[in-house]
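Dear colleague,

Please find below the structure that I am handing over to you.

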Amino acid sequence: MTCLPGTSAKKLGLVIDLDTCVGCHACVVSCKEWNTGGYGAPLSDQNAYGADPVGAWLNRVHAYEVTPAGQDAQIVHFPRSCLHCDDAPCVTVCPTGASYKRLADGIVLVDEDWCIGCGLCAWACPYGAREMDGQANVMKKCTLCVDRIYNENLPEEDREPACVRACPSRARHFGDLGDPQSEVSLLVLARGGFDLMPEQGTRPVNKYLPPRPKQAREATDRGAAGVAAGHERPEGFLGWLDRALDKLG
Amino acid sequence: MRPAYSIVLFTTASGAGYGMLAWLGILGAAGLLPMAPPFGLAAFALAVALVGTGLIASTFHLGHRERAWRAFSQWRSSWLSREGVAAVATFVPVALYGGGWVLLGRTQGPWAVAGLATAGMALLTVYCTSMIYGSLKTVPAWHNGWVSPAYLILSLASGGVLLSAVAALTAEAPPELTRLTLLALAAGLAVKAGYWRHIDRPDDASTAETATGLGRIGAVRALLSPHTADNWVLREMGYRVARRHAGTLRRIAVILGFALPLAALGVTLAVAGFTGALTFAAAVSLGAGFAVERWLFFAEARHVVTLFYGEQRT
Ligand code: SF4
Ligand code: SF4
């Protein structure tokens, strides 16, 4: 049934730290690698080596320039994937029951044997988190690595989503956001974690941690300053070297 | 949003078919339509053909058509599922009413009840179609109070024009039908004008700042795309071809879809003699105009996911 199952007590999800994400795309690649052989149909690519390649990926990393009023711009790397929303519109619009949310842990999944590939769930998702697979013609989305996190064939330390495991800068955290005492919940509390597009009413489970405040500083025209500095005569030893080289040359 | 031709065909053709059924149901039950056998036969055949074509076309964009039957199951939450159920259920009163009309020549008494049920179910189906789009909060150009009235009125307008053409070519166009169709066309034009004015005001609820949550720091500008080529999401929801030509296309939709049919049908009321040719011309013009209108409905609509990709507003 694509009616939402009521509120699940357990809400497994990710907490993504925008302060430490370096935009390396390791999570993107490890996600594709795991999920092309994991849950459901492979994540196919079409025309992968041609002029116009396209393929299904479950995680995408953007980069934004954020400019506080009167200050210098900052760069923020921004991973984007399914937020396993509590009020998931992608679930309720599905005509077949293929798209569903699990009561046990809140994970939002697609039953690929039922999916008719109508695409309506992707239209309903504000976050672009669902991509149609160009070969299997079914909807693909983040499964929170449902085939890793409970997988007793894997060593304990590998029982977390592939993206979390791969992140070299510990910018991704996995846990139960329904438990206020869990590590991830405490992290969200401590760092002021926030929802994406709260006005869409989806109540995402995944949270984002804001970049830590930068030292406030007047915006400077560093381009011009840098050039001017380069033309100044150095002092001390470098100054002597500079003058000596001038004489030689 | 990408305007898939199958969806444009589905919504316009089935809309016109259900509009015809609605008029057949209401005006037939009221005894205001010609009872000549060729008219009934042709009218029901065309209406059912349009509805059927639309429904079949709607399955063309599915990745797995063989599983389409599963779409009838989630009527409790999904408007797409409700639309499927309503569309199939409508065939029951249509079969009864159409059978009574065409085979027995009866539209009164209990048959009139079937007629009213036909009209009610036809309009309910069109409403469900409109809500597939109207329920999507992610597309502000669809999630507003103009969309359902536009679908319903345009369905009645196109159904009225087609039914007038069938009547004029097989029997005689009843003036009541012509007048009501003129009314529907005028109302449709007003609703579309209101709709366009509404969507031309940018929707500020979601922005690049709320999408990324980085508005708490400052103004947000997309710097690097996550992928160097297109992806399915952008092809489906980042469609932007129409925007440059939107003004021209709207004018074409207004002229072909509303102005010419209004003029042609208006003339048939005033001048006798050319009714068949004029209503036929009105139907052809309206078909082209409404296809452009429906294409624009998709092509002009922006999805909030584009806010992650550099759009500031939707
Ligand atoms: S992020 Fe999108 S796909 Fe994931 S649960 Fe929310 S609405 Fe559904
Ligand atoms: S694409 Fe599949 S999962 Fe999505 S709404 Fe359609 S049937 Fe449901």
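Over all chains of this predicted model, the count comes to 22 aromatic pairs. One of them joins Tyr64(A) and Phe78(A), with 5.4 Å from centre to centre and 85° between the planes, an edge-to-face arrangement. Tyr64(A) belongs to strand E4 (residues 59-67) of chain A and Phe78(A) to strand E5 (residues 74-81) of chain A, so this pair ties together parts that are 14 residues apart in sequence. Tyr64(A) and Phe78(A) are both buried.

In chain B, the ring centres of Trp142(B) and Phe298(B) are 5.4 Å apart; the planes stand at 80°, over the 60 degrees required, and the pair is therefore edge-to-face. Trp142(B) sits in the loop between helix H4 (110-134) and helix H5 (147-170) of chain B, whereas Phe298(B) is part of helix H10 (residues 275-299) of chain B; the pair therefore ties together parts that are 156 residues apart in sequence. Trp142(B) and Phe298(B) are likewise buried.

Trp142(B) and Phe298(B) also belong to one aromatic cluster, together with Trp123(A), Tyr133(B), Tyr151(B), Tyr195(B) and Phe297(B). Tyr151(B), a member of this cluster, has Arg294(B) over the face of its ring, at 4.3 Å from the ring centre.

Yours sincerely

Conventions: Residues are numbered from 1 along each chain as its sequence is written. Chains are lettered from A and ligands numbered from 1 in the order in which they are written. This is a predicted model: local features need pLDDT of at least 70, side-chain atom pairs count only at pLDDT 80 or more; totals for chains, interfaces and linings use all residues. Side-chain values use heavy atoms; hydrogens and water are left out. Rings of Phe, Tyr and Trp (its six-membered ring) pair if their centres lie within 6.5 Å; planes under 30 degrees apart count as stacked, over 60 as edge-to-face and the rest as tilted. Helices (H or I, at least four residues) and strands (E, at least two) are DSSP runs, numbered from the N terminus. Buried means under 20% relative accessible area, exposed over 50%, partly exposed in between (1.4 Å probe, protein chains only). A charge sits over a ring if NZ of Lys or CZ of Arg is within 6 Å of the ring centre and within 35 degrees of the ring normal.
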